[in-house]
Each structure stands twice: as C-alpha cells, then as structure tokens.
Amino acid sequence: MILVLLLFQTAISLDPCFTTTFRSGMKFEFNNRNDNVHFTLHVPKLIFEPYEWAGIGIKRIEDGVGMENADIISFIFKEYIIEDRWATENGFPPADEDQGGTLDADIGPTKGIISLETKVLSWDRPLDTKDNFDTKLEYGRRYYLMWAYGMLEGGDIGYHEDRDYEEFEMVECANSVVTA
C-alpha cells in the first residue's frame, strides 16, 4: 500500500506541460527537463478492461500518417509489459531490440491499482536516444502522435481495434503549458 501511494505521489509531482485527450478517452501527457522527457498515458477502464494492449507512437510529420517509421511504446495491461518498438512498415511493429536497437524507455512509475477507472503508465527517455529505432525529438518541431489498442495475438500485440493520430509540437516545458 505504501509503495502504491509513493508511486502515485511521484507521478503527480511531474506537472505536464503538454496534455491531450484522444477521442478514445486515453489521455497523453509529457514534461521534460534538460534532455529527458517524461511521458504518461492514462488508459480508461473502457479500454483496459475489454482490451489487452494499448500503444502510443511518435513520428516525424514528413514520414506521413501511416505506421512506417513510427517510434512506438506498447503496453500489455495484465502483465505490465512495456516495449519500445519501431514500425518498419504499416504492420506489426517489432521491438527495437529484435531489430538491433535498444530499449530506451526507462519505465515507471506504472500504476494499475491507483484507480479502478484508469491505468496510468509512464516512462522516460532522452530527446535523442542515439538509437536508429527511436524518433529523435527536437524542441519546436511538430510530430504525429499516434495511438491504438486491441487484443493480443500469440502473446504479443495484435491488430488494433481502434487507432488515430493527431499533430503536436515538442515544446520545452520550462515556461509553457500547452493543451492540444
């Protein structure tokens, strides 16, 4: 009980400077300090209860709106598995490590019992991971932010039940509050 409360306090102490709520009801936030970004995805019960995974992706605008060249973080809810993935095409995105890259998401805090209505998943990563299978993030640049959720197939993420995208700008959080 103490650990859960401590994780909750840690997560809420990082005030986001960017937040958006997707039409799916998932809410995405980030904050950054120096060369690191702290991301948080709030997944409502209407997704985590009937479905088994959710994913969030970032890609450069010039790469178009499909999955190709998307840097994706996926979450398998019941096992609390978080994977760093790279989509080489419009299809299943393999883990970075399976393609010769590295796991560049520093996971945590991850909470699933704080609220019966929402799972809160968070991770940190550098703006530039130096990994060819991660999108280099730059302040002042616009990106596509993609989301999806669905069922597992063979123990891994399967085809998405629903998905969409929107544009966002990577802002330096020191003096800004941005809501999409």
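A pocket here is an open set of grid points with protein on both sides within 12 Å along at least five of seven lines. Keep in mind that you're looking at a predicted model. Its largest pocket has a volume of about 510 Å³. Of the 23 residues lining that pocket, Met67, Met146, Ala148, His160 and Arg163 sit closest to the centre. Three elements, β4, β9 and β10, each give two or more residues to the lining, and β10 gives the most, with 7.

Now for the strands themselves. Five of them make an open sheet, in the order β6-β5-β4-β9-β10, with antiparallel pairing. At the edges you'll find β6 (81–87) and β10 (156–169), each of which pairs on one side only. On average, neighbouring strands of this sheet are turned by 20° against each other, direction ignored.

Start from the β6 side. Strand β5 (residues 70–76) pairs with β6 in the antiparallel sense over 7 bridges, and Ser74 has Glu83 in β6 as its bridge partner. Moving along, 6 bridges join β5 to β4, again running antiparallel; here Ile56 stands opposite Ile73 in β5. On the other flank, β4 is joined to strand β9 (residues 142–153) by 8 bridges, also antiparallel, with Ile58 opposite Leu145 in β9.

So how buried is strand β4? Of its 8 residues (53–60), 7 are buried, so the strand is largely enclosed by the rest of the structure. Buried means under 20% relative accessible area.

That brings us to the other kind of empty space. Rolling a probe the size of a water molecule over the atoms shows where such space is left. The structure holds 1 cavity of 30 Å³ or more, and the largest cavity has a volume of about 110 Å³. Ile56 and Ile58 turn up again here, among the residues that line the largest cavity, and Ile73 is in the lining too. Others in the lining include Phe28, Phe39, Trp123 and Arg125. By element, β4, β5 and β8 (118–126) each supply at least two of the lining residues.

What classes of residue does the lining of the largest cavity have? There are 7 nonpolar and 5 charged residues, and no polar ones. The charged residues include Asp71, Asp84, Asp104 and Asp134.

Definitions and conventions. Residues are numbered from 1 along each chain as its sequence is written. This is a predicted model: local features need pLDDT of at least 70, side-chain atom pairs count only at pLDDT 80 or more; totals for chains, interfaces and linings use all residues. Side-chain values use heavy atoms; hydrogens and water are left out. Two strands pair if DSSP finds at least two bridges between them. Helices (H or I, at least four residues) and strands (E, at least two) are DSSP runs, numbered from the N terminus. Axes are lines fitted to C-alpha atoms, for helices over the stretch in contact, and angles run from 0 to 180 degrees between N-to-C directions. Buried means under 20% relative accessible area, exposed over 50%, partly exposed in between (1.4 Å probe, protein chains only). On a 1 Å grid over the protein atoms alone, a cavity is a set of points where a 1.4 Å probe fits but cannot get out, and a pocket is an open set with protein on both sides within 12 Å along at least five of seven lines; lining residues have an atom within 4 Å of a point. Grid points are joined across faces, edges and corners, and a volume is the space filled by probe spheres set on the points.
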